[in-house]
Each structure stands twice: as C-alpha cells, then as structure tokens.
Amino acid sequence: MTGPERDPHATDDPTGPAAPTDQPAEEPVAGQPRRSGLRNPEAAVRGLGAGTLALEALVLLLAIQPVRVVGGDLSGAAIGVVVALAVAAVVLAGMMRRAWAWNAGTVLQGLLILGGLLHWSLFGLGIIFALVWAYALHVRRVILG
C-alpha cells in the first residue's frame, strides 16, 4: 500500500467515530430494581456463597492436624464435629440454588462458634467465618435487593 494503513473492517463514515456523550448510562427507574451490571446476578451470588462454604470446609479440614499438634488436646468428639461441619459446608455449597441454603449456612456458622465449647480454636474459626458469611449475605442483599 502506498497510502496510510487502513483497517479493513472500518466503515467509510465521513463524520468519524461517534462522540462520547456526557449523559450517564441508564438511570434506575422508580419502582424497578437496580441493575447490578452482572449478566446473571443470581448465579454470581450463588457462586459467592458456594465458594465461601467450600473455602470454610477446606480450612476446617486442614486445621485439624495443626490444632492437634500445637493447640493441645483436640478430642475425638471435636474432630468429629469439625469433619461433620466440613461435610455440611460442602453439601450446602452444592445446594446454593435453594433459598433455604443461605439460612442453613448461617446456622452452620453458629454451630461452628458453638464448637468453641469443645476447643477454643473452633470458636476463633467460627468468628472469622461468621464475619465472612455476614459479608457474603451483605453482598447478596446489595446485588439482589
């Protein structure tokens, strides 16, 4: 080519590209829910809840041995409670399509805090994951309304 390089997909519009407008994007209309900008907000929120519960299950299972070695006497009952809570978290992570799973996840956080009666480290993990779960519930409320 002897002339300037041309984009083969360019149009021959003599006015040039459209000028950006100073007006904001769509304003929410009164009475209609605010759009989050996500293609599928329900799936995004479900993924957040499932990811939170899966991470909780992983941390609970990985915490058994260090707590036994460093933390002292983690009884068989406490280990059983940790494993049961981890299994419950995995099951709930797979059932996040159901509305009651969010309430069950909240109950799970309370049970983990009550596990602190068996060992103090379970109380600490319960507080940490209760805060994470509270944030997930907050995000769910903001996105879904």
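Let me start with one word: a residue is called buried when its relative accessible area is under 20%, exposed when that area is over 50%, and partly exposed in between, using a 1.4 Å probe and protein chains only. With that in hand, 26% of the 145 residues of the protein chain count as buried.

Please keep in mind that this is a predicted model, where local features need pLDDT of at least 70, side-chain atom pairs count only at pLDDT 80 or more, and totals for chains, interfaces and linings use all residues. Residues are numbered from 1 along each chain as its sequence is written, and side-chain values use heavy atoms, with hydrogens and water left out.

How confident is the predictor? On the pLDDT scale, which gives the confidence in each residue from 0 to 100, the protein chain has a mean of 82, and 74% of its residues reach 70 or more. Where pLDDT is low, the predicted coordinates should not be read in detail.

Now the overall layout. The protein chain has four helices and zero strands, so the pattern along the sequence reads α-α-α-α. Helices here are DSSP runs of H or I with at least four residues, strands are runs of E with at least two, and both are numbered from the N terminus. Among contacts with a separation of 6 or more, 67% join residues 24 or more positions apart; contact means heavy atoms within 4.5 Å.

Let's look at helix H2, residues 76-94. Its 19 residues reach 27 Å from first C-alpha to last, close to the 27 Å expected at 1.5 Å a residue; that expected span is 1.5 Å times one less than the number of residues. Its buried residues are Ala78, Val82, Leu85, Ala86, Ala89, Leu92 and Ala93. Why do we say that they line one face of the helix? Seen down the axis of H2, they fall within an arc of 130°, where the arc is that of the directions from the helix axis to the C-beta atoms. Their cover includes H1, H3 and helix H4. On the other side of H2, Gly76 and Gly94 are exposed. Alanine 84, also in helix H2, is partly exposed at 46% relative accessibility.

Moving on to H4, we find 25 residues reaching 36 Å from first C-alpha to last, close to the 36 Å expected. The buried residues in H4 include Leu122, Phe129, Trp133 and Val139, and what covers the buried residues of H4 includes H1, H2 and H3. After H4 comes glycine 145, with a positive phi near 85°.

What does tryptophan 133 touch? Leaving out residues up to four places away in sequence, tryptophan 133 touches Gly49, Thr52, Leu53, Met96, Trp102, Gly105, Thr106 and Gln109. This tryptophan is buried, at 2% relative accessibility. Its side chain also makes a polar contact with the side chain of threonine 106, at 3.0 Å. A polar contact is a pair of N or O atoms within 3.5 Å; within protein, one must be able to donate a hydrogen and the other to accept it, and residues adjacent in sequence count only if both atoms are side-chain atoms.

Finally, threonine 52 sits in helix H1 and is buried, with a relative accessible area of 8%. A polar atom of the threonine 52 side chain lies 2.8 Å from the backbone oxygen of leucine 48. With residues up to four places away in sequence not counted, threonine 52 touches Val132, Trp133 and Ala136.

How values were computed:
pLDDT is the predictor's confidence in each residue, from 0 to 100.
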